[in-house]
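Please read them alongside the sequence and the coordinates.

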Amino acid sequence: MEDNPRLITMAKQEMVIQSTFVYGYIVVNIEEETLCNHYRTELPDESLFMINADRQIISSGDKDSIGQIYGNEEGLDFSEVCSSVIDSDGGVLNLNLSYRIPNTELCLVNHIRLNDLAASSRQIIWTISLTMCIGSLCLLLIVSVWLRWKLRPLKELVTKMSDIQSGRLGSTFRKIPRNEFGVLIQKFNEMSLSISDLLRKNDQINQEKTEQELMALRAQLNPHFIYNTLNMIKWMAVMRGAGNIADCITTLGCLLEPIFKSRGDFWEIKSEIDYLQNYIKIMGWRYGNMCTFACSIPPECQTCRIPRYIFQPITENSVTHGIPREKAIHILVSGEKRDGRLILSVRDNGSSIPPEKLAELREMLQNNTPPPNASVGLYNVNRRIKLNFGDEYGLTIESELGIGTTVRLTLPVLQDPKNGAPPCVSESEKDR
């Protein structure tokens, strides 16, 4: 009736236990509008409606469809709790999803037009695609900024390398990141400083070599003039019967001969010993025959090549500072091969070096710092060895009170010039 609300009536027959006797009925009346609002709460926009076992629509959001017969008998299957059926309505495909309410003969149906579903799917796909594009762009922007920040040390490293290539050496990083780039930058700093230090040392070596060449040029007097003068003085001494003067001049000529005639910076140890013997002989005459000399170098070591005149400054220090009062000084030169190195020693029995002076000498030799005035000869010998062979070689000093002083030289074993050893003076060159 129009004045009364539309009701759905449900009845259930109650039987006596273990009997066929019906003792009553349970009848429930449900307001259709209230029921419709309940099952449309979760899906308000869907075409939901409820049918009974006779396929009659008993509840729907479209009130005009109530009482109509839904679909055909083949499309309904009340034996299944959930089912889906596709039908055609005027050429339009529809998807019908049904859910059978337990313990009743009622079924809830969701009527969906496939065209609307496809349009909704296209909208969802378009929305997802747009979201993915925007997300990809944002991710690309974030990754780009992150990579730019992460690769900034690498870009700075390339700039620093370009600076080194342009000649701006010693360029380093002040801030080192704590990652793999930090290890690379740390190695770059070490390499840059090493290159700068190496070039500085190379410039120093070239400067010292230039100074040595200038000193050698200044020392290149006319040998013929000197020899002729010495020869004239010798014969004047012979004519006057001064044999000791003649011997001294002859020894001096032998001492100067290798300086003017020999070429190269290296020669054999036996040539150095011959030169040293003439020098000690002259020093003996100078100090009244208070200098004696002995050599204890095995034959296999005498052919080794060493820098020329490295014994003379050491011997000069021994004679000049080591001769005790009213006592002769004895100088012993020895040598041996040890652990692939050549160890040469110059030992004297003269006055020992005071401890404070010995400490200064050792610090000078260790740090390669030139002395302010004294000990220039020892510094030059040590510096020549290190410049030619490296810092692992050089000169050490030991001095003990009442025993004397020992200067030990550590050199590489150089014998064959074909294997990279420095050239030495040949016998033919010595005789010219």
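1. Just after helix H10, Asn368 takes a positive phi of about 55°. Helices (H or I, at least four residues) and strands (E, at least two) are DSSP runs, numbered from the N terminus. The model is predicted: local features need pLDDT of at least 70, side-chain atom pairs count only at pLDDT 80 or more, and totals for chains, interfaces and linings use all residues. Residues are numbered from 1 along each chain as its sequence is written, and side-chain values use heavy atoms, with hydrogens and water left out.

2. Which residues of H10 are buried? They are Leu358, Leu361, Met364 and Leu365; buried means under 20% relative accessible area, exposed over 50%, and partly exposed in between (1.4 Å probe, protein chains only). These four cover an arc of only 125° around the axis, so they sit on the same side of H10; the arc is that of the directions from the helix axis to the C-beta atoms. Pro355, Glu356 and Gln366, on the other side of H10, are exposed. The cover over the buried residues of H10 includes H11 and S13, where contact means heavy atoms within 4.5 Å.

3. The largest nonpolar core has 39 residues, and Phe311, Leu344 and Leu409 touch the most other members. Such a core is a set of buried Ala, Val, Leu, Ile, Met, Phe, Trp, Tyr and Cys residues joined through side-chain atoms within 4.5 Å. Elements that each supply at least two residues include helix H7 (269-286), helix H10 (355-367), helix H11 (376-389) and strand S14 (404-412). H7 gives the most, with 6 residues.

4. Leu409 touches, among others, Phe311, Ile314, Leu344, Val381, Ile385 and Leu395, not counting residues up to four places away in sequence. A second, separate core of 8 residues includes Tyr39, Met50, Ile58 and Leu106.

5. How many salt bridges are there? The count comes to 8, a salt bridge being a side-chain nitrogen of Lys or Arg within 4 Å of a carboxyl oxygen of Asp or Glu. One of them joins the side chains of Glu32 and Lys63 (3.0 Å, N to O). This pair links distant parts of the chain, 31 residues apart: Glu32 is in helix H1 (residues 32-39), and Lys63 is in the loop between strand S4 (57-60) and strand S5 (82-89). Glu32 counts as buried because its relative accessibility is 2%, whereas Lys63, at 27%, is partly exposed. Glu32, Glu33 and Lys63 are linked in a network of salt bridges.

6. Glu398 and Arg408 also meet in a salt bridge (3.2 Å, N to O). Glu398 lies in strand S13 and Arg408 in strand S14, so the pair ties together parts that are 10 residues apart in sequence. Glu398 is partly exposed, with a relative accessible area of 41%, as is Arg408 at 21%.

7. Asp197 forms a salt bridge with Lys201, with the closest N and O atoms 3.5 Å apart. Both lie in helix H4 (residues 180-219), 4 residues apart, about one turn of the helix.

8. Overall, the protein has 12 helices and 14 strands, and buried residues make up 31% of its 432 residues.
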